[in-house]
Structure formats: structure tokens, C-alpha cells
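Hello,

Here is the structure I promised to pass on to you. Please open it first, and then read my notes below.

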Amino acid sequence: MLGRLSNFPQEQRKIIRGWCFYDWGNSAFSTSIMVAILPPYFVAIFKDVYPQGLDFGPFTFTASSIWALAIALATGVIAFSSPILGAISDTRKIKKKILVIYTYIGCFATLLLFFSVYTGFEWAWLLMCATLANAGFLGAWVFYNALLPKIVSEESIDYVSSLGFAYGYIGGGLLLAIHLVAIIYFDSSDFVIRISMASVAVWWFFSALITFKNVPEPEVDSVYENDKMSISEAFNQVIGTLKKVSKFRTIFLYLIAYLIFNDAIQTIISVAGVFGPDVLGVTLQINMVTILIIQFIAAPGAMAFSIFANKIGSQKALLIALFGWAFIVVIALGFAPLTPKDQSDYDIQIKSLDESRYEIVAIPSSIEKPTKSFEVLENYSIGDQIDEKTVKEIKKIVLEENLSSYSLYIDGGSEIVSGIGSSHKSILNDSLSVWPKFMRSILWEPLGITVSLQWIFLGIFVGFVMGGSQALARSLFAVIIPKEQSGEFFGFFGFVGRFSATIGPILYGIVAGLIDPRFGVFSLLIILLIGTIMLWRINLDSVLNKN
């Protein structure tokens, strides 16, 4: 039963597909909402209000740091509630019921993102809805995982776990592809962006209905049949689980290693969508293309690592994926926008038609226009004509204002004016600028690799290792825990995962606020390496052989 869905009985195939379809639906949230569309959109809205960040004493809330702290809030709530609910769910037939409740919360909050423009405090509304929706998504994920050992035998867990991720990558990627086509066709229309985000709620909800219909509520294991646990008893049970897990030395060490390396990976995934636009100037459309690439590479990547795990063992395969992650982060720390050289490299391009008339050749898309230049350009499109007075006003705003992060090229016929704003992304002045400057000088500039291509290359490599690391980390845990206590242990697994995913964004938010975002990513690399080395030193074979 290790390699093909057709090897399972017909009724079990229906249940497995139903379980996988939940991943098909909710992965659209993790891709379109939390990484591809909402983060760049949030960055643009936040920077429109606070171009230089929101200062609070020695701390500067950048778009990426405040986003990371919001993620930490959502994960923190789930981290501390999931073990208690998990323990209760082991004594009552409520695993699927809790999954349904969290799904409704996540879908409703996602739908509310559409109404941000009508609130009067747009960036705060987006942040609030994203936090609530993320809590629903993360809470549902815990109980979705807890269903896995209830629907298949241990020898099939690696395969079905990877299959679930593959469904998720394809389902989330398909909707993201639709979003990308719509946003490109309608030139990044604000309405289309918001309707795209709202569509995720519909996609997630109707996919979840298949799961709710086809996957039965698991029976309570015989040891708990006459033990209906209350919340206070569940809390005591969680404490008991912690003591119990600590007695399973290998499981306990694995959880510690998982806490550390998952902390880094989840934070990298969660802040990538804001780091790219905030620090590198990656556009919304390029960010979406990159996430789309990740989705469709991660699906075969997850299945490839499943086959790989069967040949060399799950632990070794997971270690390879983690070292792959570390290599990717090192390269990503060296990403750097190129200084504009050719006319096509400039954000705003204007050419002279005669002594008094000019034509707009290129301008940023609607949500990415410079804060002040937006007022000048908002009524113009590519191909429109403007007078000399307007050209001078644009030149002053882009090249002389301190807040400008854009570049300008004016072909005046007899005279060509070009330059970049004082806050242009190609001006590297953060704490680790030596590395991106070095990478730009030896690699990006000689080969003409723009920051957009750098970001796309990142997506290719991340896609391959992400599926393997996520699926194998989950399936390894499912195999080494006592099956009759899957809800309790997966609740604790969820606690460890979400607790680690709380620490990471807080760490990134603090480091990015006090130093800068690039150094925040560097701190995550250190954590990732520590967790990987810890996993390397754990002998899981003894537990796997017993089971």
C-alpha cells in the first residue's frame, strides 16, 4: 500500500481523496492570501500611509515586521489552544467538528478582506482579517493532521501525507493561476485584487465540504470510551502529555529539533511574501508567478521525497531537505536589485513628442505607484500625453523627494534625464549589505539577472524542498507516536509547531524592527541550522523499528 492510491480498497480511496481535498482547498489560503497576493498588497497600502515605517521609540514597524508580529499573534492563540482541544478530541467524537468550526472562521475572515477599502482604516482592517483568518487556517490544520493516522495504516502514512500535500500544491496553484491571469488582464485593478482574495474563501469552503462529506468522524479509541474529558481535565492532560512525551526520549528530542527547524521554515515562508516587496521591490505579479512556480514544483517534489524516503529512510530524506533550505536562505540573503542602466529598466519612462508634449511610456501598476507621484499619475495610463509642467513635477518628486523609491527616465529629445530616488531598492545600506553587493558584482550584474528573476529562481528551489520537508516532518511524527493517542499527540505536535511558528515571527519582527529585515532573515538561518544539526544527531531508527 506504499505507492499507489489504486492499491487501497474503494471505500478507503474515497476517504483518502476526501481528506486530500481539504488540502486542495485550504492551500489556496496559504498561497494566495498569506504569500502571493495579500502581503504585497498590504505592503503597498501600509507604505502609502507610513512610507518610512511607523516609529515607536527605538523600534521601527516596517511592513514586514508588523506582518510578522500579526502572524505570531494568530499562531500563539492556536499554539496554546490546540493541545487542550486535541486532548478533549481523543475522548469525544469531535475531531471533524472542530475542523469544521475552524474552517468556517477562516473562510469568513478571508471573505471580509474584500471590504477593506470601505473601512477608512484599510491596512489595519487587512491585518485584522488576515490574523483571524490565519488563526482559523492554523487551527483547522491541527485537526486535519490528526485525522491522518485514523484513515490509513502506518506503512501508508508517508504516501498519503505526501499525496495530501500534492493535492494542496495543485489546488492552491490552480486558483493562484486564475488570480494571476485576472490581475494581469485587469492591470492590477484594486477591485480585482480584492475579489481574488475573497474567492479564496469560496474555494476553501467548497473543497472542505467534500472532506466533511467523505471523511467520517473517527471513533474514540477503546481506552477513552468511558472518559469524557472537560477543559480543566484536558489542561491537566496536556501537562501529563508533556511529561509523557518527555519519557519517550526519542520523540521528545524529535519535537525539540522540529520546534527549532520548523520555527525557521514556517517564518521564512510566512514573511517571504512581504520581504520581497518590502526589501527587494518585487512586484505583485512577479510574487504571484513565483508562488505559482512553487506550487507546481512542490507537488512532484513532495512525491519525489516520499519515494526518496522509502529508499534511504525518512530521517535522511528530511535532513537533505533541511540542508537544501539552508542553502536557499544563504543565496536569498544575497539577492539585490540591479541599478537601472537601459531605458527599459526604469520604473517611470517618459519621451518627448515635441517641445511641449510628452508621452508616458511606462509607469508602475496601480498599487505600486510612488506615494506622492501617484497623485500626479493616477489619471494617466501608458500612451497618454502630458505637458512639460507635469514632467517637471514628476522629475522633482521622483528624483528630489527623500521618500522616493522609484527610478525615472526622461527622453527629452536633445536631453536625456535619468536617475533613481534616494530610497531606491538598489541602494544597499542594510546591516548585511556586503553579501548582496558581492553577489550582485559577481553574479547578478554580469549575467543580467534582475531581482525578478532572482525571486523566480528562489521559487524553483523552494518548491522542490518545501514539499519534502513538510510531508516528511508530519509523517515521521505520525509513525513514532502511539496511535491510540493521535489526537493528544498531534495536538501537542500542533502546539510545538505553532509555538515555534510564534517564536520565529516575533524574533524576525524584533530583529527587523531594531536592525533591518535582511538581518532578520539571517537570524532565521542560524535557527534552521541548529534544528537541522539536532535532527542529524537523533537516532529515530530505534523507534521506527519498534513500530
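This is a predicted model: local features need pLDDT of at least 70, side-chain atom pairs count only at pLDDT 80 or more; totals for chains, interfaces and linings use all residues.

**Strands, helices and rings**

Strand 3 (residues 348–352) and strand 6 (residues 407–411) run parallel and are joined by 4 bridges. Strands pair if DSSP finds at least two bridges between them. Helices (H or I, at least four residues) and strands (E, at least two) are DSSP runs, numbered from the N terminus.

Residues are numbered from 1 along each chain as its sequence is written, and side-chain values use heavy atoms, with hydrogens and water left out.

Strand 3 also pairs with strand 4 (residues 357–362), here in the antiparallel sense and over 4 bridges. S352 stands opposite Y358 in strand 4, and the two strands form a hairpin with 4 residues between them.

Now to the helices. Helix 1 (residues 10–36) packs against helix 7 (residues 157–185) at an angle of about 45°, and their axes are 6 Å apart. Axes here are lines fitted to C-alpha atoms, for helices over the stretch in contact, and angles run from 0 to 180 degrees between N-to-C directions. The two helices are therefore oblique to each other (under 35 degrees is roughly parallel, over 145 roughly antiparallel, 65 to 115 roughly perpendicular, and the rest oblique).

Finally, the aromatic rings: the structure holds 33 aromatic pairs. Rings of Phe, Tyr and Trp (its six-membered ring) pair if their centres lie within 6.5 Å; planes under 30 degrees apart count as stacked, over 60 as edge-to-face and the rest as tilted. Y22 and F212 make a tilted pair, because their ring centres are 6.5 Å apart and their planes are at 40°. Y22 lies in helix 1 and F212 in helix 8 (residues 190–214), so this pair ties together parts that are 190 residues apart in sequence. Y22 is buried, with a relative accessible area of 0%, and F212 counts as buried at 13% (buried is under 20%, exposed over 50%, partly exposed in between, with a 1.4 Å probe and protein chains only). Both rings belong to one aromatic cluster, formed by W19, Y22, F29, F137, W141, Y144, W204 and F212.

Best wishes
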